[in-house]
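Me: Could you take a close look at the pocket lining in this model and walk me through it?

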Amino acid sequence: MTKVFGIGLSKTGTTSLYAALALLGYKTITYRHMAEIGMHSWFRGDFKIDHLDGIDAATDLPVAPFFRELDQAYPGSKFILTKRPIEGWQKSITRQFNQTSQQRHLPSFARDTHLATYGIWGVNEDRLTQVSKDHEIAVRDHFSNRPDDLLVLNFFKNDGWAELCAFLGNEVPDIAFPNV
């Protein structure tokens, strides 16, 4: 099975994508699984350890900031950029980061993931908006000559099974698309 990477930023539907891929039969991991695995080598730029051996799909952070390295490490993979309207995204991510920044003893994996993705610790709406825009531009640019390797999904505009299954070559299941 071809590896699939969900490379959307936090709060763009990455958990819904995780659930959808699992329902399609992919052995899928998301942030909480990657935190358990450790994957600290990624933050040092070391992708020699195959943390994803036996895994079909990975979504959420820290996958997003390392899409280029993952593309190189796993040739032939498929990439899915989840996105949402910026206003709703900003409110959601600000709420999440405000809760996280109040934790006194945040695990190093969470801190390193946050810094690798957003370049700051805490909330700065201008910075977050710029990171979101820059990430989408970088992803689209990276895959500009390979449109069959990138799918852009916006669950907040009713994208779902039809788009995902067409991209992956799966049949559309007869169940509602997950909204997690």
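Reply: Happy to. Four helices, α1 (14-23), α2 (31-37), α4 (86-101) and α5 (108-118), each give at least two residues to the lining of the largest pocket; helices here are DSSP runs of H or I with at least four residues, strands runs of E with at least two, numbered from the N terminus. The model is predicted, so local features need pLDDT of at least 70 and side-chain atom pairs pLDDT 80 or more, while totals for chains, interfaces and linings use all residues. Residues are numbered from 1 along each chain as its sequence is written, and side-chain values use heavy atoms, without hydrogens and water.

A pocket is an open set of points on a 1 Å grid over the protein atoms alone, where a 1.4 Å probe fits, with protein on both sides within 12 Å along at least five of seven lines; lining residues have an atom within 4 Å of a point. The largest pocket has a volume of about 610 Å³, the space filled by probe spheres set on the points, which are joined across faces, edges and corners. Among its 31 lining residues, Ser 10, Lys 11, Thr 14, Asp 60 and Gln 96 are the closest to the centre.

Now to α5, one of those contributing helices. Its buried residues (under 20% relative accessible area, 1.4 Å probe, protein chains only) include Phe 109, Ala 110, Thr 113, His 114, Thr 117 and Tyr 118. Down the axis of α5 the buried residues fall within an arc of 130 degrees, so they line one face of the helix; the arc is taken over directions from the helix axis to the C-beta atoms. After α5 comes Gly 119, with a positive phi near 75 degrees.

Note on methods
Buried < 20%, exposed > 50% of the residue type's maximum accessible area, 1.4 Å probe, protein only.
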